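Dear colleague,

Please find below the structure that I am handing over to you.

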Amino acid sequence: MNDILHEFERLSRAYGSHPFIYLQGEGPSRTYSFAQLNFAAAALARELAKRGAVQGSTVLCRAYNSPELVVAVLAAAYGGFDLALLSPHLSSAKAEEARSQLKSVAISLEEPDFLRLMLDACGRSLGELSTLASDKVSAELGRLGLDVYIDERLEAFDPAESGVCLFEAQGTQLVAASYSWAALARAAVQANEKLEVGDAVVWQLVLSLCDAKGLKVLMCALMSASSVLVYEHYSALRVLNDVLPFKVTHISLTEAHLRDLLETNYDGVLCQYRCILLEDGKPSRRTSWAARRAGAHLVELQR
């Protein structure tokens, strides 16, 4: 099985211009290819290393779903540091409770920090990178010496040594949970096998990337060379309106999201999904009945 970093770098070469992320924000959809995100992740990792994010250290990142957050996850794999993801929805008290569980933090990142970091790293914002053609990406890698950096980091990468730290609720407490890159890759491959993920899969990511369930969607997409629509803010109407234009096949959500979609399913597109993956167990009898009536294909992975 390929590890996450080697697979991501391979995809950036083999499927360079293929869309990996569609950002669904307030404005029009913005597309990021495998090659563009690979370039951005390597550039950010090298820049963070200059600022103290070395192998064995921890970078704390607090941001909503965005290309910046995706790039931060992939940069952590390149940089060999641990990435602690903190939900911006947490109160100040809860955020401090989470921070206190980390031994030390080399760098703390908020979403506005990424603009300066990317400009220092490669002279472009992430928005500007989304318009860079694949052949230009390759040329820029060589010009900035990122091709050499990538080779060095691929050689040094140990999927068991670093990964992502998430903060999970246990009762009224937040508890830090660490996931190595090896564990994330293994879970993604197993989920893809159970879901029978094949060609032309397109995911919708409405759950937070700061949560294990949301992060799993990103990893499943990466490990199957799939595209994923990333929503900055959840809107049931926006989600359903995107199903047909983007040929969406898979979505991961909670029962609360499913109820929203059922109530907003005016055009009857819920039946177009090949897989609606429920992340919080079996739905209520009422929700199950409504889903069957709508022709929704509900799936629950065995835990």
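In which sense do strand 8 and strand 9 pair, and over how many bridges? Strand 8 and strand 9 (residues 227–231) pair in the parallel sense, over four bridges. Two strands are said to pair if DSSP finds at least two bridges between them. Helices (H or I, at least four residues) and strands (E, at least two) are DSSP runs, numbered from the N terminus.

Please note that this is a predicted model, in which local features need pLDDT of at least 70 and side-chain atom pairs count only at pLDDT 80 or more, while totals for chains, interfaces and linings use all residues. Residues are numbered from 1 along each chain as its sequence is written, and side-chain values use heavy atoms, with hydrogens and water left out.

Strand 8 also runs parallel to strand 10 (residues 250–253), to which three bridges join it. Q204 has the bridge partner L229 in strand 9 and the bridge partner I251 in strand 10. From strand 8, the chain passes through helix 10 (residues 212–222) to reach strand 9, and this β-α-β crossover is right-handed; that is, with the strands pointing away from the viewer, the path from the first strand over the helix to the second runs clockwise.

In a regular strand the side chains alternate between the two faces of the sheet. In strand 8 (residues 202–205), V202 and Q204 point one way, W203 and L205 point the other way, and all are buried. Buried means under 20% relative accessible area, exposed over 50%, and partly exposed in between (1.4 Å probe, protein chains only).

A further sheet is open and mixed in its pairing, with five strands in the order 5-3-4-6-7. Its edge strands, strand 5 (107–110) and strand 7 (173–180), each pair on one side only. Strand 4 (residues 82–86) and strand 6 (residues 163–170) run parallel and are joined by three bridges; L83 stands opposite V164 in strand 6. Helix 3 (residues 67–79) packs on this sheet, touching strand 3 (58–62) and strand 4, and its direction makes about 155° with that of strand 4. Such angles run from 0 to 180 degrees between N-to-C directions, with axes fitted as lines to C-alpha atoms, for helices over the stretch in contact.

Lastly, T287 is placed in helix 13 (residues 285–294). T287 counts as buried because its relative accessibility is 5%. Apart from neighbours within four places in sequence, T287 is in contact (heavy atoms within 4.5 Å) with E255, L258, R259 and L262.
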